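Hi,

Here is the structure I promised to pass on.

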Amino acid sequence: MPSSDTQGTNSTAQRGQQPTNDTMDEGGPGPLNPVWLRTFVEVYRAGSFGKAARRLRISQPAVTQQIRVLEQRAGVRLFVRHATGSKPTPAADQLARDAEGPVAALDFVLEQHFGIGDQTRRLRLGAPSDLISDRILPVLASMLKDRVELCTTLAQSDKLLSQLASGQLDIVVARTRPRLKGITALPLYDEECSLVASPDLARTIPEGLLTYETPHVLADYPLVAFSESLPLIDHYWWSVFHASSPAAPDVVVPDHRAVLAAVRASVGITVVPTYLCADDFARGTLVHLLKPEIPPITTTYLATREGDITRPQVSAAHSKLLECGRTWN
């Protein structure tokens, strides 16, 4: 026997009216309502049926019913519900990658031409913590005033790019070149990096002992790193010493500011983006261990999923960051 929700939908259809978000056909052979894809995308982003219902301003049973029908029509399970929310399945990850762009594009058309659609535009951005605070938020401030919700994720580049590929993020600023399928990346800016230590630790290295030919002199000094994979340190060692960097860091802190705090306290030495050290150099709280005539330079990239650049909020953020990136070089 059909449920009361189904009966309500059928009677509505018989009166010649369109079904609302709260009512629907039980997944029969008829056309699939594209509005249900927006519901799916919202559940995927929110991680909860209840949160998605509040954001969409519909009932939670309606969200549950719409997702159930999508699962029936697709023949796969999309979410595993648990006490604290809903975890997407691999099938949901794939659907999200394919659906988010078209859903956002449809909302843009509806809002621009008819004044309806998803009135809340969300931008999910990932970047290293120092770039979020120093450079990215000031650039995107005008978007935040224009009814765009910004959700940020702070993590290492490899993790952020993986989340971008899976649809969890819309745009990523990464300090490593993206090599994942389906990801498009443009150089954002180049930054110098420096080998630094506290003045007290630097004084323990006999003057003139450390040269471009003697990196082994540093082998006995603890190495403080942003990541176990040592991307900046590896790059510096190859560029300056033409040699491999130490095998592993002694201290790993996934935040460049925390790395610098440890180095100021003479915990060890490190390689960091030079712009982060400008105040320390001026105050004398950090010093260069070497000053190459041509400092090593690394490239930071701006990455999106293929096709997502057509989404208005992604396009706007992408353009603003590329424009300002030229001034960061």
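Predicted model: local features only at pLDDT ≥ 70, side-chain atom pairs only at ≥ 80, totals over all residues.

First, a term: I call a residue buried under 20% relative accessible area, exposed over 50% and partly exposed in between (1.4 Å probe, protein chains only).

Numbering starts from 1 along each chain as its sequence is written, and side-chain values use heavy atoms, with hydrogens and water left out.

Overall, the protein chain has 12 helices and 11 strands (DSSP runs numbered from the N terminus: helices are H or I with at least four residues, strands E with at least two). Of its 329 residues, 46% are buried.

Now the salt bridges (a side-chain nitrogen of Lys or Arg within 4 Å of a carboxyl oxygen of Asp or Glu). The whole structure has eight. One of them pairs Asp130 with Arg175 at 2.8 Å, N to O. Asp130 sits in helix H6 (residues 129–144) and Arg175 in the loop between S5 and strand S6 (183–197), 45 residues apart.

Another joins Arg257 and Asp134 at 2.4 Å, N to O. Arg257 is in helix H10 (residues 256–264) and Asp134 in helix H6, so this pair ties together parts 123 residues apart in sequence.

Cheers
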